[in-house]
Amino acid sequence: MEIVKVTEHHIDDVLKLQQEVYDNLEDKEMLETIPRDLMLEILSNDYSVGVFINDELKALRAFYIPKVGEADHLADDAGVSQEDTIYSEITFIDESLRGYNLQLKMGRVLLEQLREDKRFKYLIGTVMPKNIASLKNTLNLGLKIVNTKIKYGNKRRHILFLDLEKELTYHGEPIKIKYDDIDWMLLYGKDYIGVKFEDEYITYYKK
């Protein structure tokens, strides 16, 4: 199963896959759908890869270069400069390809490209706290939970962060918080770093 580049020329395929994935979600809070104009901008950033089966797009992952000063910038949630930030933006995987660990595999392809590019210092993304598969994949890619907030109007999201130049530092004894204890995360998450998901618990350290 080959991971290949996806561009703005595939916009109709991408929007079709997005709609199919969204329609199949039991909990619509898991996905903030992206309109055509913004999707075109994301695809034009040269940070999109996917998997085609019989010429049909079945999986996509894309990073996005946000504009400095744009509203609700994730760099502000992570406490870093907007100029040096790129987003881990979207992942769509058709149900027929579940179980192949494609989110992580596509992420590794994009992360290798990002490290070679050297234009950015920080990779930041968001994940719904109860989207366990996506959260585990994002942590396995090397990102850490640095905050939990209400984003995109009224959606609960972990803010996940990777410093491309140095390791994050954290302190003290680990504490384990059940993955669905969102109230604790919203209250205290900004003061902790979540580093591992295991047996329904996230291991946190003090920043």
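## Pockets and cavity of a predicted model

Strand β7, residues 155-163, contributes three residues to the lining of the second largest pocket, the most of any element. The model described here is predicted. The second largest pocket has a volume of about 190 Å³. By class, the lining has six charged residues, five nonpolar residues and one polar residue.

The largest pocket has a volume of about 1,000 Å³. It is lined by 40 residues, of which Met-30, Leu-31, Glu-89, Thr-91 and Ser-134 are the closest to the centre. At least two lining residues come from each of β3 (56-64), β4 (85-93), α4 (102-117), β5 (122-127) and α5 (132-140). Strand β4 supplies the largest share, seven residues. The lining of the largest pocket consists of 21 nonpolar, 12 polar and seven charged residues.

A search of the whole structure for cavities of 30 Å³ or more finds one. The largest cavity holds about 30 Å³ of space. It is lined by Asp-13, Lys-16, Leu-17, Glu-56 and Leu-57. Helix α1 (11-23) and strand β3 each give two or more residues to this lining, and the largest share, three residues, comes from α1. Three of the cavity-lining residues are charged and two are nonpolar, with no polar residue. Strand β3 also supplies at least two residues of the lining of the largest pocket.

The volumes are set out below.

| Site | Volume |
|---|---|
| Largest pocket | about 1,000 Å³ |
| Second largest pocket | about 190 Å³ |
| Largest cavity | about 30 Å³ |

These sites belong to a protein chain with six helices and 10 strands. The radius of gyration of the chain is 17 Å, close to the 17 Å given by the globule rule for 207 residues, so the chain is as compact as a globular protein of that length. Along the principal axes, the C-alpha trace spans about 50 × 35 × 30 Å.

Of the 207 residues in the chain, 47% are buried. The chain exposes about 10,700 Å², and carbon and sulfur atoms supply 45% of that area. Among contacts between residues at least 6 apart in sequence, 66% join residues at least 24 apart.

Conventions
Residues are numbered from 1 along each chain as its sequence is written. This is a predicted model: local features need pLDDT of at least 70, side-chain atom pairs count only at pLDDT 80 or more; totals for chains, interfaces and linings use all residues. Side-chain values use heavy atoms; hydrogens and water are left out. On a 1 Å grid over the protein atoms alone, a cavity is a set of points where a 1.4 Å probe fits but cannot get out, and a pocket is an open set with protein on both sides within 12 Å along at least five of seven lines; lining residues have an atom within 4 Å of a point. Grid points are joined across faces, edges and corners, and a volume is the space filled by probe spheres set on the points. Helices (H or I, at least four residues) and strands (E, at least two) are DSSP runs, numbered from the N terminus. Ala, Val, Leu, Ile, Met, Phe, Trp, Tyr, Cys and Pro count as nonpolar, Asp, Glu, Lys and Arg as charged, and the others, Gly among them, as polar. The radius of gyration is taken over C-alpha atoms; the globule rule is 2.2 Å times the number of residues to the power 0.38. Buried means under 20% relative accessible area, exposed over 50%, partly exposed in between (1.4 Å probe, protein chains only). Contact means heavy atoms within 4.5 Å. Accessible areas come from the Shrake-Rupley method with a 1.4 Å probe; for residues, only the protein chains shown count as cover.
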